[in-house]
Amino acid sequence: MAKDADAFRTIGELSSQLGVAQHILRYWETRFPQLQPLKRAGNRRYYRPADVALVERIHRLLNEDGYTIRGVQKVLSGKSGEREGSGQPESEPHAALPPELLTELKSLRADLAAALER
């Protein structure tokens, strides 16, 4: 039985949902002031739907779009950021790479990701 979309998530549930270790989520709280889950007795964290959406965005920016922690901080603060709706950085760091090298790097990245899944 799945939880309602509006239900709060525990750190364990969110960790499992995203495939991110719990200590990483706690670290993100220290780096991104926008991320402030509810804390109850014993510092148990409960993530509201807005918190879950923010964590998913941070995860996507870091792990799929290739941002650094500092880059995500800038995106979230509105100082520098993604092109609206595209999910891509305004200045693409790989734009200057030759297409053959870019293809080879993407292939290598896919091979490494497959090796990590094993």
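Accessible areas here come from the Shrake-Rupley method with a 1.4 Å probe, and for residues only the protein chains shown count as cover. On that basis the chain exposes about 8200 Å², with carbon and sulfur atoms supplying 53% of it. The model is a predicted one, so to speak: local features need pLDDT of at least 70, side-chain atom pairs count only at pLDDT 80 or more, and totals for chains, interfaces and linings use all residues. Residues are numbered from 1 along each chain as its sequence is written, and side-chain values use heavy atoms, with hydrogens and water left out.

Buried residues (under 20% relative accessible area, 1.4 Å probe, protein chains only; exposed is over 50%, partly exposed in between) make up 28% of the 118 residues in the chain. Five helices and three strands turn up, taken as DSSP runs numbered from the N terminus (helices H or I, at least four residues; strands E, at least two). Along the sequence they follow the pattern β-α-α-β-β-α-α-α. With contact meaning heavy atoms within 4.5 Å, 39% of the contacts with a separation of 6 or more are between residues 24 or more positions apart.

Next, the sheet. Its three strands form an open, antiparallel arrangement in the order S1-S3-S2, where pairing takes at least two DSSP bridges between two strands. Strands S1 (9-10) and S2 (38-40) are the edges, each pairing on one side only. Helix H3 (residues 49-63) packs on this sheet and touches S1 and S3, its direction making about 85° with that of S3; axes are lines fitted to C-alpha atoms, for helices over the stretch in contact, and angles run from 0 to 180 degrees between N-to-C directions. S2 and S3 (residues 44-47) are joined by three bridges, and arginine 40 sits opposite arginine 44 in S3.

Helix H2 (residues 22-31) has two faces to look at. Leu25, Trp28 and Glu29 are buried. These three lie on the same side of H2 because they cover an arc of only 105° around the axis, the arc being that of the directions from the helix axis to the C-beta atoms. On the other side, His23 and Thr30 are exposed. Cover for the buried residues of H2 includes helix H1 (11-18), S2, S3, H3 and helix H4 (69-77).
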